[in-house]
Amino acid sequence: MHITHLSLRHFRNYSDEEVAPAPGANLFLGDNAQGKSNLIEAIVLLSTTRSFRTSTERHLINRAFLDEPIVHSRLRAEVEGSPHRLIELVVTVESDNGSARARKHLRLDGVQHRLMDALGTLPTVLFTPEDVSLVAGPPAGRRHFLDVLLCQASRPYCRALSVYNRSLAQRNHLLRMIRARHSDRDQLAYWDQSLARSGAVVIGERAQALALMSQSAAGIHASLADGEELSLTYVSGTPLECGPEAVAELGAELEKRYESCLATDLERGITSEGP
């Protein structure tokens, strides 16, 4: 799979740019601030619909075009070997209750799609100097790395992660409502079940991914460091006795954990167990 043509309009420092990468490896050379990283960012945006450099999507639009009647940035890639030959992402700035808000719109082969549908269409692997923090940095960075990887490779994982994050936010809100005596504990049952089922998929797929990555990493490391062995292991925030392939058992055990830690969770106002 490779990009045969990349079109950038009003994106970062590009007003209107056309790039035709060659099959195989491509090397971009240029001075600082010429837009090399912006090209990489554009490809990752088309792959994941998210920037790895900013969470303020308005910054993706070239400043020279912020006064246009319709403020927008358009990224377009023609792809060989993908389920979709044409991937198009448009970032617009629209008025929302008097304030400007950036929105993203995805089209695949000219048809409007949900942003989630871009995942897996153009799989990418991004490596930047900041990625050394995967080893030495906090666990949140490692979780994010796994989420980006697995969301491109597995639709069930992406759906489960989305459900898990929504359920976690709802449960945490409900815990604080119960603590303030504005709600009752019976309402927790639904969110406990939703968290447990989706959390079991998240844990299972992460553990299986790490097992596969460990096999490859061990061979690569052995060729670099003679006599040393390397292994990778997924350690969940909630240690579970059953294996990652037993999703139903994982879910049942997670649900028991949520029940057993309820007193602590109510006191803190957050969920203390989970992936």
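**Salt bridges and a loop residue**

Mentor: The count of salt bridges comes to 13. Please bear in mind that this is a predicted model.

Trainee: Which residue does R74 pair with in a salt bridge?
Mentor: R74 pairs with E88, at 2.6 Å from N to O. The two lie in distant parts of the chain, 14 residues apart, with R74 in strand β3 (residues 72-80) and E88 in strand β4 (residues 86-96).

Trainee: And is E88 buried or exposed?
Mentor: E88 is buried, at 11% relative accessible area, whereas R74 is partly exposed at 29%.

Trainee: What does R171 meet in a salt bridge?
Mentor: Its partner is D192, with an N to O distance of 2.5 Å. R171 belongs to helix α4 (residues 155-179) and D192 to helix α5 (residues 188-224), so the pair ties together parts 21 residues apart in sequence. R171 is buried, with a relative accessible area of 0%, and D192 is buried as well, at 8%.

Trainee: Which residues are linked in a network of salt bridges?
Mentor: R12, E41 and R53 are linked in this way.

Trainee: Changing topic, where does L115 lie?
Mentor: L115 is in the loop between β6 (111-113) and α2 (133-136). L115 is partly exposed, at 29% relative accessibility.

Trainee: What is L115 in contact with, beyond its neighbours within four places in sequence?
Mentor: Its contacts there are T49, L89, K104, H105 and L106.

Notes: Residues numbered from 1 in each chain as written. Predicted model: local features only at pLDDT ≥ 70, side-chain atom pairs only at ≥ 80, totals over all residues. Heavy atoms only, no water. Helix = DSSP H or I, 4+ residues; strand = E, 2+ residues; numbered from the N terminus. Buried < 20%, exposed > 50% of the residue type's maximum accessible area, 1.4 Å probe, protein only. Contact = heavy atoms within 4.5 Å. Salt bridge = Lys/Arg side-chain N within 4 Å of Asp/Glu carboxyl O.
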